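Here are my notes on this one, jotted down as I went through it. Have the viewer open while you read.

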Amino acid sequence: MADQDMTIYQPGESILHKMNPVTEVVLATALSLVVFILNDYRVPLALALVMLALLFVARVHRLVLKLYVAVAVPFAFFLLLIQGILLTPTDPTPLLTVGPVTVWQSGFEQARLIFLRISVLILAFLLFATTAQPQRLRVALMEKGVPSKLAYVFIASLQIIPEIRNRATAITEAQQARGLDTEADVRTRLSSIVALLAPLLISTLIVANTRALALNARGFQATGERTYLYDVPDPTGERVLRYLSGVAVLGAIAWRVIA
């Protein structure tokens, strides 16, 4: 339960939830590499549509789309502003002119490709983070030979942002209850940052130290054979899928070199 509160994992019974988490990591990484290797916008567009469909299959669409829109919309705006309007185009063919503002076709096409690539990357890893249970992921990584310390660091990296967000919300509410005005003018808000950041930094260090002591008490650094509470199956079909993902990345590299 604690891990569920500190991550964006959404419990479920979909095929993605039952998949070995290592397979999800490999697929997300392979898809992200393929879209950055190939130079055709139709590839990331097709993959983005497939992942949007998978969001609904896994029933994690509400959370993922909320997070995606929060990142993608401002990113698309600034990308279009910089690539399509402000930068001097190599091909000065206007796509759209509104008053003194001209959107250049070459800049728009470059912005479209970058946006779709980043969209695939964001959707792939959000899909992974919302369907891979942290405990199963930790066990699956260690069963594949990943050192326990490295597996812990990987899991902790998924937990740190939601954890800090929750702690920042609690500190903000506590400081507001003590009379701190966080909704005043910009000068007052800037002066209140220290009152919010100091306890956030100190509490984060205390939690990290407490967690390290708890892990040591549970034999985190113990050597020898380990037994796991969770059974994470790794069927043949998923192993083949991981190999095919590697083949797809190599094929994309070969296609980019030849084409």
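1. Thr-97 stands opposite Thr-102, the latter in β2. Keep in mind that this is a predicted model. Strand β1 (residues 94–98) and strand β2 (residues 101–104) run antiparallel, and four bridges join them. Two residues sit between the strands of this hairpin, and Gly-99 in the turn has a positive phi of about 65 degrees.

2. There is a positive phi at Arg-59 too, and this residue is not a glycine: the angle is near 60 degrees. Most residues other than glycine have a negative phi. Where is Arg-59 placed? It lies in the loop between α4 and α5, just after α4. With a relative accessibility of 71%, Arg-59 counts as exposed, because the cut-off for that class is over 50%.

3. Now α4 itself, residues 42–57. Its 16 residues should span 22 Å at 1.5 Å a residue, and the end C-alpha atoms are 23 Å apart, which agrees. Which residues of α4 are buried? They are Pro-44, Ala-48, Met-51 and Leu-55. These cover an arc of only 65 degrees around the axis, so they are on the same side of α4.

4. What covers the buried residues of α4? The cover includes α3 (21–37), α5 (61–86) and α6 (105–131). For the α6 part, look at Leu-123, which is found in that helix. Leu-123 counts as buried, at 2% relative accessibility. Leaving aside neighbours within four places in sequence, Leu-123 is in contact with Ala-48, Met-51, Leu-52, Leu-55, Val-64 and Tyr-68. Leu-123 and Met-51 are 72 residues apart in sequence, yet their C-alpha atoms are 6.7 Å apart in space.

5. Next, α3. This helix has 17 residues and reaches 24 Å from its first C-alpha to its last, close to the 24 Å expected at 1.5 Å a residue. At its start, a side-chain oxygen of Asn-20 reaches to within 2.9 Å of the backbone nitrogen of Val-22. The list of buried residues in α3 includes Pro-21, Val-22, Ala-28, Ala-30, Val-34 and Ile-37. Against what do the buried residues of α3 pack? The partners are α2 (15–18), α4, α6, α7 (134–143), α8 (148–177) and α10.

6. Ser-245 gives a view from α10, the helix of residues 236–258 where this serine has its place. Ser-245 counts as buried, at 6% relative accessibility. Apart from neighbours within four places in sequence, Ser-245 is in contact with Val-26, Leu-27 and Ala-30. Ala-30 is also among the buried residues of α3.

7. Is Ser-203 buried or exposed? Its relative accessible area is 19%, and the cut-off for buried is under 20%, so Ser-203 is buried. The side chain of Ser-203 reaches the backbone oxygen of Leu-200 at 3.0 Å. Not counting residues up to four places away in sequence, Ser-203 touches Arg-167 and Ile-171.

8. Val-207 counts as partly exposed, at 27% relative accessibility. Leaving aside neighbours within four places in sequence, Val-207 is in contact with Glu-163 and Arg-167. As for Ile-118, it is 89 residues from Val-207 in sequence and 33 Å away in space, C-alpha to C-alpha.

9. Last, the aromatics. How many aromatic pairs does the structure hold? It holds one. Phe-77 and Phe-78 form this pair, which is edge-to-face, with 5.4 Å centre to centre and 75 degrees between the planes. Phe-77 counts as exposed at 52% relative accessibility, while Phe-78 counts as partly exposed at 47%.

How values were computed: Residues numbered from 1 in each chain as written. Predicted model: local features only at pLDDT ≥ 70, side-chain atom pairs only at ≥ 80, totals over all residues. Heavy atoms only, no water. Expected span 1.5 Å × (residues − 1). Buried < 20%, exposed > 50% of the residue type's maximum accessible area, 1.4 Å probe, protein only. Arc of directions from axis to C-beta. Contact = heavy atoms within 4.5 Å. Pairing = 2+ DSSP bridges. Polar contact = N/O pair within 3.5 Å; in protein donor to acceptor, adjacent residues only side chain to side chain. Phe/Tyr/Trp six-rings, centres within 6.5 Å; stacked < 30°, edge-to-face > 60°.
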